Amino acid sequence: MAGKINRHSESVVIRSLRRLKELYWPPGVRDVVGDHGAEEPGFLECLPVEVQFQIMTLLSSVDICRLGATSRYWRALIRDPLLWKFFLLRDMPKWPSIDHVTMPQLEAPEGPVIADNAEQDDYETTESKVDYMAEYLKGCPSCRQKWLPSWPPYHVLTFFMHSLVPSSEPRYIMFGPGMEQLDVSIVTRLMRASDILQMSVTRNSHINGPSVIGSGISYMFNNQHKFNIFTLYSTNKAERERAKLQKQYMSGKLFTLIGSNDSGDPVFRPAPQVQQVCQVVEGVIYVANAEPGNGEGESEGAQIRAVLCSTSKPLLVLSCISREESQAVGTTRMQSNRRTPCVDMAKRLGLPQLPNPWMVQDTVAESLSGLLDGISWLLRSSGVKVFDS
């Protein structure tokens, strides 16, 4: 089915590009003088539109933009909205991260470029107002890094001076079904991966009050920034193991269902101990189960909203699977690498509706790949001046 949609989308894009090419160089006309000036088509311009489209599908988004700077024709061609909607539909499932700033603003970011029952002329008069090129360049991870400003030399010195000043240790809570349902425990891997994050148990990081919620674990990011994580489990280890066998997530001891809102979505209240923790931490880490067939979007999203007691607290969602394909064994080798795309995970959890800053980061529990990128974002969003080494 996906292949059929992809072929349909390609034909729609090619038809749109062909119409644009005919505006520049009508059939049988080689030199055009007018609004476009005395512009003679070169070798690439003379190629069939189908070939031009295939060339662009093999280029990176940055290279496509550079191609648009070579002539007026290519500048107009790469601005075609259907072309960039095609790229969005093709590439969004592969993006390893997305956040509240870079999330594409699309009404229906799935299916074909144009529905089977829609005419292209109607599409151009209604949906062409969406700048799909801008949405793509805003969301594509490689484009984000490409357009980020480089650090001037004086910023390096400023950062060094800041590092000499003692700063408070930011604290975060971490919870979610991805901590309890996966075959590989991301918490255990964190405690044993000293090559990725140095760990030290601190006695002064506990949370005081009517009841004390553990002491947490302190980690060191880039050998420079200390932060503390308090892990919240739904129940004791024996009950978690039983729930894992049944592929369930028991959140009863963390949250209480108190009803539903006007939209029919569930509303949860955190347990008193959890409320106590949420009041003093600087942010939230939610470990989502990104393996296929898992997740309860409405309940998960409602529990996330319940712990975000302040709109300024950042939310990091680790969209987690147990292991990568190359690390899987036996008959599950091909299936274990499939995951819920981070854009779909954001929609599943209702993150675009949150007022808080948020990020979804693809993560693998066994190798902890993607974790450092997420922690870096979380520290920055908490006001920590992070300088990537």
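As the model is predicted, local features need pLDDT of at least 70 and side-chain atom pairs count only at pLDDT 80 or more, while totals for chains, interfaces and linings use all residues. Residues are numbered from 1 along each chain as its sequence is written, and side-chain values use heavy atoms, with hydrogens and water left out.

Helix α6 covers residues 81-91; helices here are DSSP runs of H or I with at least four residues, strands are runs of E with at least two, and both are numbered from the N terminus. Nine of the eleven residues in α6 are buried, where buried means under 20% relative accessible area, exposed means over 50%, and partly exposed is in between (1.4 Å probe, protein chains only). Among the buried ones are Trp 84, Phe 86 and Phe 87, along with Lys 85 and Asp 91. At the start of the helix, a side-chain oxygen of Asp 80 comes to within 2.9 Å of the backbone nitrogen of Leu 82.

On to the charged pairs. Searching the whole structure turns up eight salt bridges, each being a side-chain nitrogen of Lys or Arg within 4 Å of a carboxyl oxygen of Asp or Glu. One of them joins Arg 18 to Glu 50, with the closest N and O atoms 2.3 Å apart. Arg 18 sits in helix α1 (residues 2-24) and Glu 50 in helix α3 (residues 49-57), so this pair ties together parts 32 residues apart in sequence. Both ends count as partly exposed, Arg 18 at 32% relative accessible area and Glu 50 at 34%.

Asp 91, in α6, pairs with Arg 90, and here the closest N and O atoms are 2.7 Å apart. Asp 91 is buried at 9% relative accessibility, whereas Arg 90 is partly exposed at 25%.

A further salt bridge runs between Asp 362 and Arg 339, at 3.5 Å for the closest N and O atoms. This one links distant parts of the chain: Asp 362 belongs to strand β10 (residues 358-364), and Arg 339 to the loop between β9 (315-321) and α15 (342-348), 23 residues apart. Asp 362 is buried at 12%, and Arg 339 is partly exposed at 23%.

Then there is the backbone. Most residues other than glycine have a negative phi. Asn 223, though, has phi near 60 degrees; this residue lies in the loop between β4 (217-221) and β5 (225-231) and is exposed at 57% relative accessible area. Leu 368 also has a positive phi, near 60 degrees. Its loop lies between β10 and α16 (371-381), and Leu 368 is buried, at 3% relative accessibility.

Terms used: Polar contact = N/O pair within 3.5 Å; in protein donor to acceptor, adjacent residues only side chain to side chain.
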